[in-house]
Amino acid sequence: MSQYVYLEPDRDRLATVGGDFQAIGTTILHSMAELEAHLPRYPETLLVVIGASVDLDEALMFTAYQRLQRPLIGVVLVRRSVQPDDVLRCLRAGVREVAEEADWDGIRNACARSVDLSKALSTTLRTNAETAPFGRVITIFAGKGGCGRSFVAVNLAAALSAGGARRILLVDLDLQFGDIGIMLKLNPDRGIAGAVQMAGRLDEPGLRSVVTSYQPGIDVLLAPATPAQGEQVRRELIVEILDVARPLYDFIVVDTPSLVTDQVLAALDMSDWLVPIVTPDLPTLKSVRLTVEMFDMLDYPKDRRLLVFNRANTEVGLTTADVEEAVGMTFAVHLPSSRDVPLSVNLGEPIYLTHPVHPVSQAIGQLADRCTGTERVQTRRRGLFSRKPKAAKEPKAEKEP
């Protein structure tokens, strides 16, 4: 699959400009919905060219979101005519280049510059990742079932991967009734139970033999197939697994049961981020309050706790201030309630990947940003009208979002 995408709903235009893109192996798409579905499946994408018939506001909203979630992707915007006011709006949204539809040489040169920048950014990100000594462990916890813990873990892993730019391991530590496998429609042939026989001597090849690849950048360590197998997984094995995994991944997201077991404590002890989940109901508030007190008793750093308010907009007589006061913590992220959430779970497709501009997905992205601590700086771009384009060059051979 090509690393280049051309979006143009107008099929008449595809017979002109679109034909030139097809000649260099570009993937042609006809709607924004197709584009949003395409990118999660092909994280190696480096260039998105948006055709002249696409609404400008829609194109800018897409670009602004991708600039944060998939910084490797460059957007080149094609317009019937280029207006100075529109150029300023485009640059603010993160569009790398704007070109007139009739200027094929200008379009081609803009695409080449964008791809060169994406490749340079990709090299920088990979170099930084390879020199990092340890991946960071993020443990999702809720003392009561039904809080959306596994949903948050799955979608947070998808957000952290940044379209494959980072290496993520998602660990299902609900050893009795883990749901990650069914939520992602993964074959249960491999899992944490396979590591039991390697306890005390687990190494990188051994770990790789029990993880399941979900998509580029995301591996999953599934829970045991039966509760009996789960009883064989000891605390020491969890410590060993995380020790082996940390040099191999940028982030390790751990989903836990609603019980404080030795295995859960092992993950919490090794965690860089603790993410308790709360929903607006009194039993959950009680469990989260006890969780916070447990964190205090164990001396877990307060600045490494990220409290997530799930179903935050549900009107059940409890305000955000009420919940924060009851829990004793302020919220890092508010996840809105949406019927699209159970739909995505039943379909076995993370909403962050299938609907990246959904309000729930945006909130998950905010949580990922808090975990990465990354402040994205907009690239300084050369003025579009500062000089004439250079002579047209042959399209560059194919090499994220």
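1. Two strands are taken to pair if DSSP finds at least two bridges between them. The model discussed here is predicted. In it, strand β6 (residues 136-141) and β11 pair in the parallel sense, over four bridges. Phenylalanine 141 has proline 276 in β11 as its bridge partner.

2. β11 also pairs with β12, again in the parallel sense, over two bridges. Here valine 278 stands opposite phenylalanine 309 in β12. Between the two strands the chain passes through helix α12 (residues 282-297), and this β-α-β crossover from β11 to β12 is right-handed.

3. How many residues of strand β11 (residues 273-278) are buried? Six of its six residues are, so the strand counts as mostly covered, where buried means under 20% relative accessible area. Trp273, Val275 and Ile277 point one way from β11, while Leu274, Pro276 and Val278 point the other way.

4. Tryptophan 273 has a charged neighbour: the charged end of arginine 304 sits over its ring, 4.5 Å from the ring centre.

5. A search of the whole structure finds two aromatic pairs. One of them joins phenylalanine 309 and phenylalanine 331, and it is stacked, with 4.4 Å centre to centre and 10° between the planes. The pair links distant parts of the chain, 22 residues apart: phenylalanine 309 lies in strand β12 (residues 307-310) and phenylalanine 331 in strand β13 (residues 331-335). Both phenylalanine 309 and phenylalanine 331 are buried.

Notes:
Residues numbered from 1 in each chain as written. Predicted model: local features only at pLDDT ≥ 70, side-chain atom pairs only at ≥ 80, totals over all residues. Heavy atoms only, no water. Phe/Tyr/Trp six-rings, centres within 6.5 Å; stacked < 30°, edge-to-face > 60°. Buried < 20%, exposed > 50% of the residue type's maximum accessible area, 1.4 Å probe, protein only. Lys NZ or Arg CZ within 6 Å of the ring centre and 35° of its normal. Right-handed = clockwise from strand over helix to strand, strands pointing away.
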